[in-house]
Amino acid sequence: MEKIIKEVLVENDCLIADGFDNAIIGTYLNREGEMVAVYSIEKCINSLMNNDGMDYEQAEEFFYYNTINCYMGVKTPIFIETYKE
């Protein structure tokens, strides 16, 4: 599924967050009418822990400081909290 979503994002010239391919959970049509990538915050943090050897606190701090606060224009990806029942 993630591969299919990534292909759709590439076809629509969407910005993709480096290193978080496994955290892509969908797409969103923003207010400007542009398709953007949607990422799971939990999966992004887990990716940092697994791929970069960070513990949870380091990964969370890195993610919130370096990733979620970056604005790159109307194609900036969206990061959302996902909840499990």
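Tutor: A residue is buried when its relative accessible area is under 20%, exposed when over 50%, and partly exposed in between. Keep in mind that this model is predicted.

Student: Are F20 and F63 buried or exposed?
Tutor: The cut-off to apply is under 20% relative accessible area for a buried residue. F20 and F63 both fall in that class. The answer for both is buried.

Student: How many aromatic pairs are there?
Tutor: Ring pairs are counted when the centres lie within 6.5 Å. By this rule the count is four.

Student: Is the pair of F20 and F63 stacked or edge-to-face?
Tutor: The ring centres of F20 and F63 are 6.2 Å apart. An angle over 60 degrees counts as edge-to-face. The planes of F20 and F63 stand at 85°, so the pair is edge-to-face.

Student: How many residues apart in sequence are the parts that F20 and F63 tie together?
Tutor: F20 lies in the loop between α1 (2-11) and β1. F63 sits in helix α3. The pair therefore ties together parts whose separation in sequence is 43 residues.

Student: Is the pair of Y39 and F79 stacked or edge-to-face?
Tutor: The centres of these two rings, Y39 and F79, are 5.2 Å apart. Planes under 30 degrees apart count as stacked. The angle for Y39 and F79 is 25°, so the pair is stacked.

Student: Which strands hold Y39 and F79?
Tutor: The pair links distant parts of the chain, 40 residues apart. Both residues are buried. Y39 is in strand β2 and F79 in strand β3.

Student: Which residues do ring pairs link into a cluster?
Tutor: F20 and F63 form an edge-to-face pair. Y39 and F79 form a stacked one. The cluster linked by ring pairs is F20, Y39, F63, Y64 and F79.

Student: Which residue in β2 stands opposite I24?
Tutor: β1 and β2 pair in the antiparallel sense, over five bridges. The residue opposite I24 is Y39.

Student: Which residue takes a positive phi in the hairpin of β1 and β2?
Tutor: This hairpin has five residues between the strands. A phi near 85° belongs to G33.

Student: Is K75 buried or exposed?
Tutor: Buried means under 20% relative accessible area. K75 has 16% relative accessibility, so K75 counts as buried.

Terms used
Residues are numbered from 1 along each chain as its sequence is written. This is a predicted model: local features need pLDDT of at least 70, side-chain atom pairs count only at pLDDT 80 or more; totals for chains, interfaces and linings use all residues. Side-chain values use heavy atoms; hydrogens and water are left out. Buried means under 20% relative accessible area, exposed over 50%, partly exposed in between (1.4 Å probe, protein chains only). Rings of Phe, Tyr and Trp (its six-membered ring) pair if their centres lie within 6.5 Å; planes under 30 degrees apart count as stacked, over 60 as edge-to-face and the rest as tilted. Helices (H or I, at least four residues) and strands (E, at least two) are DSSP runs, numbered from the N terminus. Two strands pair if DSSP finds at least two bridges between them.
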